[in-house]
Amino acid sequence: MPRTAHQPGLFADVELDAPRARLERGAKFARVALNLPVRTEFTYVVPSALVPGLVPGMRVQVPFSSRREIGVVVDVGSETDVGAAKLREIAKRLDEEPVVDATLLGLTRWIADEYVCSWGEALAAVLPSPLKHGRHARTVRVVRAAPGAAAALGALEHKREQQFRVLRTLLDLDGAIELRELCRKLNVGTSPIETLATNGLALIERIEKDIADLLGGGASRVRPAALTDEQEQVLAPIRAAVDARRGAAFLLH
């Protein structure tokens, strides 16, 4: 289904109670992807105060029906084929910098086309939860290895396998990582992490993460100088398929 900047009639309640936009000479228009099950984006007038800094990838708050919605700007231009009577103004810009870069915009557009969902739904799937709701931060639990914890690593290896994996990972990271992210990476529950903390081998604290942290992912890790023998064995057939430009499927554990 081809996309258009606006498809009238999809929502009878798009005619809002909010004041109509006043179109000035040289007005700018933004196409906004909303997290709604409708395969179209919606066009809004950009207030003159927001024109200088508004670019694709920023979140905005817009009037929709009788409520406000959070959406992502996917295009800004000087022309629109939407009638003036149907246009409303963007209510608020939520970001000083784009939270979705050009690459991610392109990827989510492909996801929307490939899986027959709206662009807004695809964007909502990749944004951290606080950003979907217009918040700028959230409180999370982070964990790091306690000073001197390396000395206890050997004693855990054959007795407490999960604690050993967790502590080894924390020592490798040499920094803090979100507790939930660590559980996901190692496929463990919170119990071995909390036990390490109880025994003085790990430190758990609550911090507030801002937008930059939320978009930056987990803690960074130094790339090893060489792959292990097992990793080389896994990589070899993948590299061969890529070099031969041959499509193939690989199952990685």
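pLDDT is the predictor's confidence in each residue, from 0 to 100. The structure above is a predicted model, in which local features need pLDDT of at least 70 and side-chain atom pairs count only at pLDDT 80 or more, while totals for chains, interfaces and linings use all residues. Residues are numbered from 1 along each chain as its sequence is written, and side-chain values use heavy atoms, with hydrogens and water left out.

Let's begin with confidence. The protein has a mean pLDDT of 82, and 80% of its residues reach 70 or more. A contact here means heavy atoms within 4.5 Å. Where pLDDT is low, the predicted coordinates should not be read in detail.

Now to the interior. A nonpolar core is a set of buried Ala, Val, Leu, Ile, Met, Phe, Trp, Tyr and Cys residues joined through side-chain atoms within 4.5 Å; buried means under 20% relative accessible area, exposed over 50%, and partly exposed in between, with a 1.4 Å probe and protein chains only. The largest such core has 19 residues, of which Val143, Val166, Leu167, Leu170, Leu182, Ile193 and Leu196 touch the most other members. Helix 4 (153–156), helix 5 (161–173), helix 6 (179–186) and helix 7 each give two or more residues to this core, and helix 5 provides the largest share, 5 residues. Helices (H or I, at least four residues) and strands (E, at least two) are DSSP runs, numbered from the N terminus. Beyond its neighbours within four places in sequence, valine 143 is in contact with residues including Leu170, Leu182, Ile193 and Ile204. Apart from this core lies another, of 15 residues, among them Leu34, Val46, Val62 and Phe64.

Helix 7 (residues 191–198) deserves a look of its own. Pro192, Ile193 and Leu196 are buried in this helix. They lie on the same side of helix 7 because they cover an arc of only 105° around the axis, the arc being that of the directions from the helix axis to the C-beta atoms. Just after helix 7, glycine 200 takes a positive phi of about 80°.

Finally, the backbone. Most residues other than glycine have a negative phi. Serine 65, not a glycine, has a positive phi of about 55°; serine 65 sits in the loop between strand 3 (59–64) and strand 4 (67–77) and counts as buried, at 15% relative accessibility. Arginine 245 also has a positive phi, near 55°, in the segment after helix 9 (229–243), but arginine 245 is exposed, with a relative accessible area of 78%.
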